[in-house]
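Here is my note on the model. Please read it with the coordinates open.

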Amino acid sequence: MTVTRGLEGVVATTSSISSIIDDTLTYVGYDIDDLAENASFEEVIYLLWHRRLPTEPELAELKKQLSENAALPQQVIEHFKMYPIEKVHPMAALRSAVSLLGLYDEDADTMEPESNYQKAIRLQAKMPAIVTTFARVRKGLEPIAPRTDLSFAANFLYMLTGNEPDEIAVNAMDKALVLHADHELNASTFTARVCVATLSDVYSGVTAAIGALKGPLHGGANEAVMKMLKEIGTIENVEPYVRGKLEKKEKIMGFGHRVYRSGDPRAKHLRAMSKKLTELTGEPHWYEMSEKIESIVTGEKKLPPNVDFYSASMYHSLGIDHDLFTPIFAVSRVSGWLAHILEQYDNNRLIRPRAEYTGPGMQTYVPINQRG
Ligand SMILES: CC(=O)SCCNC(=O)CCNC(=O)[C@H](O)C(C)(C)COP(=O)(O)OP(=O)(O)OC[C@H]1O[C@@H](n2cnc3c(N)ncnc32)[C@H](O)[C@@H]1OP(=O)(O)O
Ligand SMILES: O=C([O-])CC(=O)C(=O)O
């Protein structure tokens, strides 16, 4: 048996959803740079689920379906009011809420492709309301119902604050959602596929994926980046802080990647948005600190920033609570998880690798009264 630690380089499935080849990321063959500049998040959802861009009527229909399914069942809202919500991490709340949604979906365990597609729409549609309702209830505020006349990105910001967001904020959120939507066989997507490959249901697959995204080596890194920026505090402190961490062989969050070698193509879009938004909010130091961290880490370790690094200062500039950064990642990535879940069902085989056993050799059972 050959063990490949962390399954590095192991090709575990075929997929027609997204690809990373020579550090170029494509969704269904469209370069991420092209999509980030030109596509809306709703178009990207359609692309991932149907493997082609929608026509105008198809996009209008998807938007209508997302809008019609955006509100949360009252039971989920009541659930948020039942526990000490201010002590709960929103990713844990999101994980539980998705699982709970499965209890109120009478088709949860129906396996026909059309039923699974309809569940994908319902789940994608409700993710913003889960995150924003949680965010408001924990502050003692009433949840805000989704509006049917706003885009997916605008609705998210509207439900969070109750104010109609301006065009700059909506464009930034929309682009962030496009950039995070899918990423080949990352840890959370693989988790979702392993789960549903047992022929478990869509809600189980997404719940499992949220659990995997939560960790700081994956989606949780964006919140950790903001924590680091706050800890550093000033531009003067960047150099001693970062060099000190590197000397102690500690990781700098938001840097490094299992697949990219010369850099994550999404980072430049987030860097540009971070620069623009931090200037507009009169807090350019968040960007300036980030840029300085990048120059030290890339200089010392040759590790470029990943998608989580500049998204932190960008979301901060939109006035978003720092522990909501990873849930926002999930609001976008659920589109990719759902595409992969449907693809897995389409051509399923149980995913079950092997482990090389390293424990003791064959032993004889000793009755408990004879053990020393
Ligand atoms: C959406 C996403 O999931 S993007 C990734 C988000 N995660 C982060 O930003 C957390 C910080 N980054 C990391 O922990 C890693 O780079 C990962 C998890 C992304 C990739 O991990 P792996 O491919 O397993 O790389 P691994 O952790 O083995 O690192 C290889 C070497 O680079 C170093 N390294 C990797 N990332 C970093 C980092 N962020 N800071 C400092 N050193 C690092 C490791 O210490 C190791 O050094 P060594 O060979 O001297 O021991
Ligand atoms: O692909 C990965 O390993 C992590 C990542 O960048 C993502 O999920 O967006």
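1. Alanine 176 lies in helix H8. Leaving out residues up to four places away in sequence, alanine 176 touches Ser311 and Met314. Contact between two residues requires C-beta atoms, placed from the backbone, within 7 Å. Threonine 278 is 102 residues from alanine 176 in sequence, and 15 Å away in space, C-alpha to C-alpha.

2. A word on provenance. This is a predicted model, in which local features need pLDDT of at least 70 and side-chain atom pairs count only at pLDDT 80 or more, while totals for chains, interfaces and linings use all residues. Residues are numbered from 1 along each chain as its sequence is written, and chains are lettered from A and ligands numbered from 1 in the order in which they are written.

3. Next, H8 as a whole. Helices (H or I, at least four residues) and strands (E, at least two) are DSSP runs, numbered from the N terminus. Eleven of the 14 residues of H8 are buried, so the rest of the structure largely encloses this helix. Among them are Ala169, Val170, Met173, Asp174, Lys175 and His180. The buried residues of H8 pack against H1, helix H2 (41-50), helix H7 (152-161), H13, helix H15 (307-317) and H16. The length agrees too: at 1.5 Å a residue, the 14 residues should span 20 Å, and the end C-alpha atoms of H8 are 20 Å apart. The expected span is 1.5 Å times one less than the number of residues.

4. Now the domains. The assignment gives domain 1 (15-216 + 324-346) and domain 2 (221-317). Such bounds come from an automatic or database domain assignment. The domain centres, taken over C-alpha atoms, are separated by 26 Å. In the contact, 18 residues of domain 1 meet 23 residues of domain 2. On the domain 1 side, strand S2 (24-27), helix H1 (32-38), helix H8 (167-180) and helix H16 (325-346) each supply at least two residues. H8 gives the most, with six residues. That side divides into twelve nonpolar, three polar and three charged residues. Here Ala, Val, Leu, Ile, Met, Phe, Trp, Tyr, Cys and Pro count as nonpolar, Asp, Glu, Lys and Arg as charged, and the others, Gly among them, as polar.

5. Which helix packs with H13 (residues 267-280) at an angle of about 145°? The partner is helix H14 (residues 284-301), and the axes are 7 Å apart. Axes are lines fitted to C-alpha atoms, for helices over the stretch in contact, and angles run from 0 to 180 degrees between N-to-C directions. Ser274, Lys275, Thr278 and Glu279 in H13 meet Pro284, Trp286, Tyr287 and Ser290 in H14. The residues of this contact divide into three nonpolar, three polar and two charged.

6. Two ligands deserve a look. Around ligand 1 there are 18 residues, of which Ala221, Lys251, Phe255, Gly256 and Arg258 come nearest. A residue is near a molecule or strand if its C-beta atom, placed from the backbone, lies within 6 Å of it. The ligand 1 shell divides into seven nonpolar, seven polar and four charged residues. Ligand 2 is surrounded by His183, Asn186, Arg258, Val259, Asn306 and Val307. Its shell has two nonpolar residues, three polar and one charged.

7. Please check the backbone at the positive phi values. Most residues other than glycine have a negative phi. Aspartate 23 has a phi near 65° and lies in the loop between strand S1 (18-21) and S2. Aspartate 23 is partly exposed, with 14 other C-beta atoms within 10 Å. Glutamate 184 has a phi near 50° and is found in the loop between H8 and helix H9 (187-196). With 18 C-beta neighbours inside 10 Å, glutamate 184 is also partly exposed.

8. Last, H2 itself. This helix is mostly covered, with eight of its ten residues buried. Phe41, Glu42, Tyr46 and Trp49 are among them.

Key:
Buried ≥ 20, exposed ≤ 12 C-beta atoms within 10 Å, placed from the backbone.
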